[in-house]
Amino acid sequence: VMLMIRKQLLSHRQIIHSGSGLRLPSLSILGISFICMVVFMSEGCILDWSAIYLKESLHVPKQLMTLGFIGFSIAMTIGRLNGDNIISRFGNRKVVITGMLIASLGFIIVVLANSLVLVVAGFTLAGIGCSCVVPVLFSTAARIPGVTPVEGFAMVTTGGLLGFLTGPPIIGFISEWKNLSTGLSLLILLTLLGAYTAWKNQ
């Protein structure tokens with residue numbers, strides 16, 4: 001199939017000019033990229049560490065180890081599907097600030113709770129908090145004055161990928177040094193910083 005449509009794939013009808021040369025990003029872009037990094041780091045850490053956390057900290061059976069990630073994923077899906085209505089009703093800034101605070105509350109519950117139900121609820125809250133943040137960040141990155149949509153997307157995506165790739169190893173290093181609860185506590189601090197950054201960033 002790819003060989004049959006190769007001419008269409010290689011044909012370019014539109015050229016996107018994103019400027020030339022290197023320049024330092026603005027504070028607005030850095031703030032948006034940081035929040036995106038925090039959200040993607042949270043997703044990556046829950047994907048990689050939630051099951052291990054339930055096993056090592058709560059000693060749950062293997063059949064229940066994935067409940068944390070399941071709760072997070074379901075909440076994320078529901079939030080994304082309803083994101084347009086939520087964002088149009090409350091506005092971009094409020095959605096990001098509130099989302100980061102909800103995610104932070106979720107991680108606080110995860111770290112402090114000793115009950116499987118509460119820990120799964122914490123991961124679910126984190127999913128609710130993170131669900132609508134990334135769509136807001138990408139739409140905002142395309143409308144920053146003096147920055148083309150291509151540049152905005154590239155910078156924000158770079159922040160997200162950096163968080164997704166480096167977050168789980170950082171949590172792992174902290175866990176080796178102390179414990180996994182301490183490692184996940186880093187996400188509490190980062191989500192609070194994300195809420196503060198959204199509050200300061202107009």
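## Close-up views of an all-helix chain

**View 1. The whole chain.** Of the 202 residues in the protein chain, 41% count as buried. Buried means under 20% relative accessible area, exposed means over 50%, and partly exposed lies in between (1.4 Å probe, protein chains only). This is a predicted model: local features need pLDDT of at least 70, side-chain atom pairs count only at pLDDT 80 or more, and totals for chains, interfaces and linings use all residues. Residues are numbered from 1 along each chain as its sequence is written, and side-chain values use heavy atoms, with hydrogens and water left out. The chain has nine helices and zero strands. Helices (H or I, at least four residues) and strands (E, at least two) are DSSP runs, numbered from the N terminus. Take the contacts between residues at least 6 apart in sequence: 78% of them join residues at least 24 apart. Contact means heavy atoms within 4.5 Å.

**View 2. Helix 6 and its neighbours.** Helix 6 covers residues 116–131, which is 16 residues. From first C-alpha to last, helix 6 reaches 22 Å, close to the 22 Å expected at 1.5 Å a residue. The expected span is 1.5 Å times one less than the number of residues. At the start of helix 6, a side-chain oxygen of S115 comes to within 3.3 Å of the backbone nitrogen of V117. The buried residues of helix 6 include V119, F123 and C130. Its buried residues pack against helix 2 (27–57), helix 3 (67–81), helix 5 (92–112) and helix 7 (133–141).

**View 3. The largest nonpolar core.** This core has 49 residues. A nonpolar core is a set of buried Ala, Val, Leu, Ile, Met, Phe, Trp, Tyr and Cys residues joined through side-chain atoms within 4.5 Å. Those with the most contacts inside the core are M100, V119 and L184. Helix 2, helix 3, helix 5, helix 6, helix 7, helix 8 and helix 9 (180–200) each supply at least two core residues. The largest share, 13 residues, comes from helix 2. Not counting residues up to four places away in sequence, V119 touches Y53, L54, L58, V110 and A113.

**View 4. V111 in helix 5.** V111 sits in helix 5. V111 is buried, with a relative accessible area of 17%. Leaving aside neighbours within four places in sequence, V111 contacts Y53, S181, L184, S185 and I188. V111 and G183 are 72 residues apart along the chain, yet their C-alpha atoms are separated by 9.4 Å.

**View 5. S175 in helix 8.** S175 lies in helix 8 (residues 149–177). S175 is buried, at 16% relative accessible area. Its side chain reaches the backbone oxygen of I171 at 2.7 Å. Beyond neighbours within four places in sequence, S175 is in contact with L180 and G183.

View 6. A search of the whole structure finds two aromatic pairs. In one of them, the rings of Y196 and W199 have centres 5.8 Å apart and planes at 45°, so the pair is tilted. Rings of Phe, Tyr and Trp (its six-membered ring) pair if their centres lie within 6.5 Å; planes under 30 degrees apart count as stacked, over 60 as edge-to-face and the rest as tilted. Y196 and W199 are separated by about one helical turn, because they are three residues apart in helix 9. Y196 counts as partly exposed, at 46% relative accessibility.

Technical notes. Polar contact = N/O pair within 3.5 Å; in protein donor to acceptor, adjacent residues only side chain to side chain.
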